[in-house]
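Keep the viewer open and follow along.

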Amino acid sequence: MADAPILEVRNLVTAFDTDAGQVIAVDGVSFQCHRGRTLGIVGESGCGKSVTALSIMRLLPQPMGRILGGEILFDGRDLAQATPEQMYQVRGGKIGMIFQEPMTALNPVHTIGRQLAEVFLLHKTRDRAEALRLAIEMLKHVGIPSPEVRVGEYPHQLSGGMRQRVVIAMALACRPQLVIADEPTTALDVTIQAQILDLMQQLQAELGMSIMLITHDLGVIAEMCDDVVVMYGGRIAESGPVEAIFENPSHPYTRGLLDSIPRLGGQRKSRLRIIDGMVPALKDMPPGCRFQNRCPFAVDRCRKDQPAIEQVAPGHAVACHRWREVVAGAAVSATS
Amino acid sequence: MRDYFLRRLLLIPPTFIGVTLLVFAITRFVPGGPLERAIMEARTSETRRGGDMGRSSTSEEQLADLKAYYGLDKPIPVAYVQWLGKVVRCDLGTSHRFNEPVRDLITQRLPVSLVYGGITLALTYGVCIPLGIAKAIRHRTGFDNATSALIFFGYAVPGYALGAILIVFLAARAEWFPMSGFVGENFSDLSIWGKVVDLAHHAVLPLVCYAITSFAFLTMLMKNQLMDNLAADFVRTAVAKGVSFKTAVLRHALRNSLIPLATHLGASLTVFVGGSYLIEFIFDINGMGLLGVQSIFDRDYPSVMGVLVVSSLVLLTGNVISDMLIALIDPRVRFK
Ligand SMILES: Nc1ncnc2c1ncn2[C@@H]1O[C@H](COP(=O)(O)OP(=O)(O)OP(=O)(O)O)[C@@H](O)[C@H]1O
Ligand code: SF4
Ligand SMILES: [Mg+2]
């Protein structure tokens, strides 16, 4: 089963206990992440991208966060049912994670070397000297100059871009099969962003791992990803190969997202089209389709029935009652 | 690091001079000072004894001594420099309340305060840190709530009030503990072991009162700091590397949480030397607190200045020690 996906999430439901009662942050999400490929997850702030990632890593804030249902099949094993001890092996060893905030992601009171060596000591070796040697090697790998000096330094002595390289080094240290990167470049300067993304692509080519890349930047998706999942309000709106999503967006929300990115070259639009309206808060989500209050295609049915997932093409799925009209409408506007 | 340490040490003399100069000047302006008192006493004794010339000449002598010691005939700066010169030579003058060298008064009382202060410090930090950790880990459990109730009771009741209650119930009624004093009357006849037991027996109640003053504050500080740090990004990074919850707490969250406690150590040292006037008063302990406050009431300025010299020196060195501790824990301070 060499081509079985490394990660398959089925019907994941994740909830938080809040003072105002239980809120479902991720509601029946399913997707696959294939070996050696990059899956992008895109959507507006608050749509459940991070919660999905934290559910997979079983890192939900305790005791509020809970997986209510579904399966997280990683390499054939259901992580939703794994024991804490089994997760210690998975985290850092089989799945690495890169977080958004390089400024706070590292422990301010430990040296870079100690924090990086810790990963090796947890998964690879018991020998401290060996772990430190591997740490220096890994720092060199992620393009940090004079790593022998850097291992003795503390996070506050490094720039944001350098720290993110250290975080990447920690995530990739044990050559995991999957790396989950939750907005790895959002907090960085544009030039540094490009460097970090290049680095991730280069390391993926070398190490052959799969990447699950969370972002709300479709430009990043276009550049980095093979497949995309578009999320809205804790559910999947549309998913499929990157070309299919960009060339044949079948969900009104995806279309809105694509229209909102500035086009360089081509005919220049005088103003960016952004999607009007706001995402409803999780606790007062309407029945039916969650995009209804912002959707130009919305009809009565959308306010009653939750749209089922339908196949647009093999591997390309959409959750919209009127996706055919959406696709036809897109064709019309493209010719006009 | 060494520069930092040196800079902190070099700050001690100017701070010391500032504090003592201020109090020195105040003693010259506040009415009812030593000279006025001596003159008044001389007058009353003169009228009482009906012109007994011998008595009045002693007062005259005392007066001259006082004038010479304080340099009352000279301007403040000159007088202060003279006084400082004597202090450097370990001459703190003579207390006119006790008619004893102030140096002797202090050497009698300082050990008492140091014993109580030292044990109080060890006790509060030794209990508050583990208790705070346990409370943070078991946040909102029965254990946490029960200890919180106790802690807030302790917070609401001042040390001296608790002292009064303890004396009434545990010393006077139940006779489990002696009512007062640092040691029993037959202390010098006891064997070494007997001395230790006697000391401890006398110390229990006052120590409880001393400890309660900062107990609630330190415990809650520890708990809140640890909870904040447990939710910090870098702890999540550590867990994502595969460390267990226990390691995350002990290796990653704890050290960061100790920084504010180390900061507070400097302030905690006040009790170390200063003692507490009210607690010493209630338990009839001859410590520095009692000496200092009573000297102020009696305008016994040599004693006031003597106590000030000792306590400010201890406090200033204490602050340097606590700064050193912070620098040890927190590299961001060390490499500034
Ligand atoms: N600890 C929590 N308690 C309660 N609700 C939470 C908690 N964490 C997240 N949520 C809710 O879950 C929803 C999804 O949050 P999530 O962090 O996954 O969004 P996101 O897609 O990652 O957004 P962003 O782009 O801002 O990172 C949000 O609506 C949020 O209110
Ligand atoms: S289901 Fe209806 S409301 Fe939802 S996206 Fe499709 S058309 Fe719009
Ligand atoms: Mg997020």
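In this predicted model, Glu118(A) and Arg251(B) meet through their side chains in a salt bridge, with an N to O distance of 2.4 Å. The pair crosses between chains, running from helix α3 of chain A to helix α11 (residues 245–274) of chain B. Glu118(A) also takes part in a salt bridge with Lys241(B).

**Between the chains**

- The closest N and O atoms of Lys241(B) and Glu118(A) are 2.8 Å apart.
- Because Lys241(B) lies in helix α10 (residues 233–241) of chain B and Glu118(A) in helix α3 (residues 112–123) of chain A, this pair joins two chains.
- Glu118(A) is buried, at a relative accessible area of 4%.
- Lys241(B) is buried, with a relative accessible area of 4%.
- Arg251(B) counts as partly exposed, at 33% relative accessibility.

**Within chain A**

- Asp17(A) and Arg66(A) form a salt bridge through their side chains, at 3.3 Å from N to O.
- Asp17(A) sits in strand β1 (residues 7–18) and Arg66(A) in strand β4 (residues 65–74) of chain A, so their contact ties together parts that are 49 residues apart in sequence.
- Asp17(A) is partly exposed, with 35% relative accessibility, and Arg66(A) is partly exposed too, with a relative accessible area of 40%.
- A network of salt bridges links Glu8(A), Arg10(A) and Glu71(A).

**The overall count**

- How many salt bridges are there over all chains? The count comes to 21.

Key. Residues are numbered from 1 along each chain as its sequence is written. Chains are lettered from A and ligands numbered from 1 in the order in which they are written. This is a predicted model: local features need pLDDT of at least 70, side-chain atom pairs count only at pLDDT 80 or more; totals for chains, interfaces and linings use all residues. Side-chain values use heavy atoms; hydrogens and water are left out. A salt bridge is a side-chain nitrogen of Lys or Arg within 4 Å of a carboxyl oxygen of Asp or Glu. Helices (H or I, at least four residues) and strands (E, at least two) are DSSP runs, numbered from the N terminus. Buried means under 20% relative accessible area, exposed over 50%, partly exposed in between (1.4 Å probe, protein chains only).
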